[in-house]
Amino acid sequence: MSEYSSATFTAQVDPTLSKLQAGELKQTIISTTAFNLDEGVAALQQVAMLKSISKSVPLSFNATFSQ
């Protein structure tokens, strides 16, 4: 995760708000290959003693910003 350890959000927010919640309405499926995570997935498979493991994983997030 150190390679992708940050995200940038851009928004215009009403300054009278004291709390803002954001998140994904629809889950996104990403490929571990696209983020060069195949070696990590293979290591996880070995440590967890799994016969197989998917290289497509769901990605979702929720964030709460408070003033």
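**Figure 1. From the N terminus on, the elements of this chain run β-β-α-β-β.** The count is 1 helix and 4 strands, where helices (H or I, at least four residues) and strands (E, at least two) are DSSP runs, numbered from the N terminus. The radius of gyration is 17 Å, well over the 11 Å that the globule rule gives for 67 residues, so the chain is more spread out than a compact globule. Here the radius is taken over C-alpha atoms, and the globule rule is 2.2 Å times the number of residues to the power 0.38. Along the principal axes, the C-alpha atoms fill a box of roughly 55 × 25 × 20 Å. This is a predicted model, in which local features need pLDDT of at least 70 and side-chain atom pairs count only at pLDDT 80 or more, while totals for chains, interfaces and linings use all residues. Residues are numbered from 1 along each chain as its sequence is written, and side-chain values use heavy atoms, with hydrogens and water left out.

**Figure 2. The surface of the chain comes to about 6,100 Å² of accessible area.** Carbon and sulfur atoms account for 56% of that surface; accessible areas come from the Shrake-Rupley method with a 1.4 Å probe, and for residues only the protein chains shown count as cover. Buried residues make up 6% of the 67 residues, with buried meaning under 20% relative accessible area, exposed over 50%, and partly exposed in between (1.4 Å probe, protein chains only). Among contacts between residues at least 6 apart in sequence, 80% join residues at least 24 apart; contact means heavy atoms within 4.5 Å.

**Figure 3. Val 13, Leu 17, Leu 20 and Phe 65 make a nonpolar surface patch of about 310 Å².** Patches are made of residues with over 30% relative accessible area and no salt bridge, joining like charges within 9 Å and nonpolar side chains (Val, Leu, Ile, Met, Phe, Trp, Tyr) within 5 Å. Val 13 sits in the segment before strand 1 (19-23) and is partly exposed, at 44% relative accessible area. Thr 16 also belongs to the segment before strand 1, and its relative accessible area of 67% makes Thr 16 exposed. Look for Gln 67 in this view too: Thr 16 and Gln 67 are 51 residues apart along the chain, and their C-alpha atoms are separated by 9.9 Å.

Figure 4. Ala 63 counts as buried, at 17% relative accessibility.

**Figure 5. Thr 32 lies in the loop between strand 2 (28-31) and helix 1 (38-47).** With a relative accessible area of 4%, Thr 32 is buried. Its side chain meets that of Asp 38 in a polar contact of 2.9 Å. Such a contact is a pair of N or O atoms within 3.5 Å; within protein, one must be able to donate a hydrogen and the other to accept it, and residues adjacent in sequence count only if both atoms are side-chain atoms. Not counting residues up to four places away in sequence, Thr 32 touches Leu 37, Asp 38, Val 41, Lys 55 and Val 57.

**Figure 6. Lys 55 is placed in the loop between helix 1 and strand 3.** At 42% relative accessibility, Lys 55 is partly exposed. Beyond its neighbours within four places in sequence, Lys 55 contacts Ile 30, Ser 31, Thr 32 and Asp 38. The C-alpha atoms of Lys 55 and Ile 30 are 8.4 Å apart, for residues 25 apart in sequence. Pro 58 can be found in strand 3, and Pro 58 touches Gln 27, Thr 28 and Ile 29, leaving aside residues up to four places away in sequence.

**Figure 7. Asn 36 has a positive phi, near 55°, in a residue other than glycine.** Asn 36 lies in the loop between strand 2 and helix 1 and is exposed, at 59% relative accessible area. Met 49, not a glycine either, has a positive phi of about 55°. The loop between helix 1 and strand 3 (56-59) holds Met 49, which is exposed with a relative accessible area of 73%.

Conventions. Salt bridge = Lys/Arg side-chain N within 4 Å of Asp/Glu carboxyl O.
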